[in-house]
Amino acid sequence: MANLNDHMGRPIVAVTGIGVVTSLGVGKADNWAALTSGKSGIHPITRFPVDHLNTRISGMVDFLPSSSKGASLLTYELAETAAQEAMSEAGLDAGDFGGPLFLASPPVELDWSERFSLYNSDTHDTGAERLLRVARGLRELDIFETTQFGSIADRLADRFGTRGLPITLSTACASGATAIQLGVEAIRRGECDRALSIGADGSATAEALIRFSLLSALSTHNDIPEKASKPFSKDRDGFVLAEGSGALVLESLEAALARGATVLGILRGCGEKADDFHRTRSKPDGSPAIAAVRAALADAGLSEDGIDYVNAHGTSTPENDKMEHLSLSTVFGERISSMPVSSNKSMIGHTLSAAGAVEAAFSLMTMRESVIPPTINYDNPDPAIVLDVVPNTKRNAEVGTVLSNSFGFGGQNTCLVMAREPV
Amino acid sequence: MNPRDVVISGIGLVSSLGEGPDAHWQKLVQPRLEPVLEASRFSPYTVHPLPEIDWNLQIAKRGDQRQMETWQRLGTYAAGLALDDAGIKGNDELCATMDMVVAAGGGERDEAVDAAILAASESRNDRDVLLNEKLTTELRPTLFLAQLSNLLAGNISIVHKVTGSSRTFMGEEGAGVAAVETAAARIRSGQSTHILVGGAFQTEHSDMLLGYELAGYLHRGAWRPVWQRQGAEGGGVVTGSGGAFLVLEQREHAESRGRKIYAELGPVLSGRARRRRGELDGEIDTLLKQAALPNGELLAISGASGAHAATAAEKSALDANPAIAARGFSTLTGHMKEAQFPFAVALAALAVDRKAAYPVFDATVEKPFAGVPKTVLATAIGYHQFEGMALIKAA
């Protein structure tokens with residue numbers, strides 16, 4: 001009889017279904033094959049014209065039916081596609097999930113294509129007044145729903161038969177990890193036997209790209225797109241904006257075993273700590289990120305030497321990679337130089353609200369497949385960052401535990417600890 | 001009584017009526033209080049505008065104020081009021097271990113830039129190029145941060161040093177319901193000892209009105225109380241700017257630091273009716289049953305928005321129970337979206353604390369409540385989706 005409770009007497013949380021979509025493709029099989037062969041999904045932008053833009057590359061998901069239909073519809077389709085894969089792997093009735101839904105998704109706004117078409121459907125007044133007048137004449141809800149922050153989750157709740165009020169959340173680039181954390185906590189509190197946690201982001205619009213550009217956050221290495229994302233390299237110059245989704249079916253280990261489900265991994269610990277230093281930069285001593293890592297380890301009941309591999313946030317911005325190295329080396333000490341630490345973002349870019357969930361999915365697969373995906377484009381190491389980044393080529397390795405980091409604007413730091421076995 | 005009960009130990013409120021729990025109480029207990037209305041700026045829509053606020057009182061650094069637009073300033077300000085009220089502000093240890101759940105929408109776009117782009121779009125066919133051209137040259141870089149949903153929480157961390165954890169829930173009234181519900185569950189389970197929870201809504205911006213009006217939800221024409229908008233022109237919602245933050249605390253934690261407790265937060269209930277299938281009436285009834293209402297006369301602080309269908313459903317459910325005396329506070333504050341449920345809970349806690357009910361906010365529809373409200377119901381039935389309720393009890 002397996003131990004069903006963790007070191008704090010809480011129900012152990014198992015993963016029984018995983019789904020993922022990135023610019024590398026739909027589903028775990030395609031993504032894993034590409035990821036472990038060091039293939040990049042970063043490509044030139046074709047969804048909109050790139051005139052006047054400093055960054056003309058991205059990891060957009062351009063191959064779904066909703067890819068050209070705006071952020072809200074694409075985010076929904078990304079979420080639905082990943083969740084469907086996860087539900088199917090978990091062997092659950094995809095229309096009657098019966099547990100709560102936690103969705104990490106980007107904040108929504110009325111898309112420019114809609115703004116233009118609403119505005120130009122009339123000629124009276126100007127600016128906002130005209131938009132409001134046209135708006136009150138609309139007879140259907142399609143456009144309205146793209147502007148409601150709860151609508152995507154509402155549709156997903158209908159689609160999958162999740163229970164209760166779905167939670168839509170944003171902790172910026174840590175959102176996907178927070179969605180998983182909320183699911184873990186709900187199961188641990190005994191509120192439910194299972195939860196569906198999804199991170200999805202299809203919001204790579206021109207305006208989003210420009211906003212990040214204006215903050216100097218994006219790589220401008222446009223000439224060879226697949227080489228632009230180079231975490232931990234000396235010549236890294238920003239992240240690559242990307243889209244994607246990750247979904248996990250979380251279940252109490254007890255419920256999973258009772259129904260004979262295959263346990264794909266264990267969500268062993270979650271930790272978080274907010275930073276009060278600056279809106280986009282982290283505290284120079286790295287203390288909040290350090291505290292988040294330590295909180296996740298403590299929650300998992302593991303000491304520093306209990307982690308086999310780090311799935312890094314590794315965005316490829318000068319600031320993040322430096323600070324992440326500082327945090328990891330503070331927590332893990334000298335051991336960090338010999339611990340594998342790789343960044344999926346070198347291949348898929350930064351999927352923003354989805355990143356924490358996508359990377360949790362890849363972390364779980366890393367343990368199951370005993371293969372660590374590489375950090376590609378590691379041709380010019382940053383001498384200030386001494387890490388084993390699993391450079392350029394995958395590595396076969398037994399991995400029993402993973403730390404996955406997510407850090408975001410607004411002082412968000414969330415870390416997950418996953419394990420292959422229940423203890 | 002249980003040491004892990006959830007109690008309310010701090011309240012921060014801002015609305016057109018003023019700021020702080022005392023100011024709100026004093027206004028709201030005045031019989032026949034007139035709402036503060038702004039009917040011309042956004043005509044044909046009426047809104048309840050922000051009162052005069054000296055931001056310096058809660059956001060000391062001008063640099064911080066400049067990094068925000070009004071929505072984030074308002075939320076950061078209301079959060080500061082709640083922290084002050086709970087005796088937590090400036091206490092580094094309590095702030096560093098304090099968790100936070102913020103219910104947020106988005107911040108303000110640059111209306112002038114948007115209007116210029118729209119105007120130019122009338123004479124251009126290459127609208128996507130136009131967009132790149134204008135946005136790359138005219139957007140203020142920091143405005144993006146002022147628009148990001150989770151940056152209200154981010155600013156609260158920066159300004160007030162609340163750093164235990166920071167989570168932002170989105171989704172209109174439902175975000176406020178889920179924020180309070182999750183915060184309470186964390187305290188009850190021992191995951192947290194003190195949590196800042198709440199939200200803010202700044203309606204005096206055309207995009208914030210557009211978010212309702214794309215489905216025709218806004219009331220037009222002469223203002224009416226929230227229960228009396230059925231059949232009037234428009235969709236029934238009159239919005240208001242405001243914010244509500246609560247400090248929720250484990251009873252033992254609040255008592256051990258000798259703090260005043262306004263009230264206990266009892267069960268928090270949430271739901272998602274599939275309204276297109278006609279489930280709203282049934283869902284409201286289910287929530288009322290789950291709340292296990294006490295016997296006898298019951299004061300209900302209703303967050304009804306005025307939206308025709310949702311408000312009619314809520315009214316009929318409340319009317320069906322003759323023991324319930326409802327107070328639709330949107331009559332006096334307007335609808336504050338993500339902040340609506342935390343605001344309802346705050347007003348309920350105030351009534352419990354002051355051992356008195358509010359007079360009727362609308363004499364033609366609401367009925368008097370004479371007794372001492374020991375338990376008060378708070379509701380937020382979303383104008384479009386999601387439902388929530390809570391029972392607030394004498395501490």
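**Figure 1. Strand E8 of chain A, a covered strand in a predicted model.** Strand E8 (residues 244-252) of chain A is mostly covered, with 9 of its 9 residues buried. The model shown here is predicted. One side carries Gly244(A), Gly246(A), Leu248(A), Leu250(A) and Ser252(A).

**Figure 2. The pairing partners of E8(A).** Strand E1 (residues 13-22) of chain A pairs with E8(A) in the antiparallel sense, over 9 bridges.

Figure 3. Met418(A) lies in strand E15 (residues 412-419) of chain A. Why does Met418(A) count as buried? A residue is buried if 20 or more other C-beta atoms lie within 10 Å of its own. Met418(A) has 28 other C-beta atoms within 10 Å, so Met418(A) is buried. Leave aside residues up to four places away in sequence, and Met418(A) touches several stretches of chain A. Among the residues touched are Gly265(A), Ile266(A), Leu267(A) and Arg268(A). Others include Ala360(A), Ser363(A) and Leu364(A). Thr401(A), Val402(A) and Ser404(A) are also touched. Take Leu364(A) as an example. Met418(A) and Leu364(A) are 54 residues apart along the chain, yet their C-alpha atoms are separated by 7.1 Å.

**Figure 4. The contact between chains A and B.** Chain B puts 61 residues into the contact, and chain A puts in 62. Several elements of chain B each supply at least two residues to the side that touches chain A, including helix H5 (111-121), helix H8 (151-160) and strand E9 (263-271). Helix H6 (127-138) of chain B is also one of these elements. H6(B) gives the most to this side, with 8 residues. The residues on the side of chain B that touches chain A divide into 25 nonpolar, 25 polar and 11 charged.

**Figure 5. Helix H6 of chain B.** At 1.5 Å a residue, the 12 residues of H6(B) should span 16 Å. The end C-alpha atoms of H6(B) are 16 Å apart, which agrees. Which residues of H6(B) are buried? They are Leu130(B), Leu131(B), Asn132(B) and Leu135(B). What covers them includes parts of both chains: helix H3 (112-119) and helix H8 (206-214) of chain A, together with H5 of chain B.

**Figure 6. Strands paired across the two chains.** Strand E6 (residues 167-170) of chain A pairs with E5(B). The sense is antiparallel, over 3 bridges. Find Ser170(A): it stands opposite Thr168(B) in E5(B).

**Figure 7. Chain A as a whole.** Chain A has 13 helices and 15 strands. Its C-alpha trace spans about 70 × 50 × 40 Å along the principal axes. A compact globule of 423 residues would have a radius of gyration near 22 Å; chain A has 21 Å, which agrees. Of the 423 residues, 65% count as buried. Now take the contacts in chain A between residues at least 6 apart in sequence: 78% join residues at least 24 apart. Chain A is divided into domain 1 (13-108 + 148-419) and domain 2 (115-144). The C-alpha centres of these domains lie 37 Å apart.

Terms used:
Residues numbered from 1 in each chain as written. Chains lettered and ligands numbered in written order. Predicted model: local features only at pLDDT ≥ 70, side-chain atom pairs only at ≥ 80, totals over all residues. Domains from an automatic or database assignment. Contact = placed C-beta atoms within 7 Å. Helix = DSSP H or I, 4+ residues; strand = E, 2+ residues; numbered from the N terminus. Nonpolar A, V, L, I, M, F, W, Y, C, P; charged D, E, K, R; others polar. Pairing = 2+ DSSP bridges. Expected span 1.5 Å × (residues − 1). Buried ≥ 20, exposed ≤ 12 C-beta atoms within 10 Å, placed from the backbone. Rg over C-alpha atoms; globule rule 2.2 N^0.38 Å.
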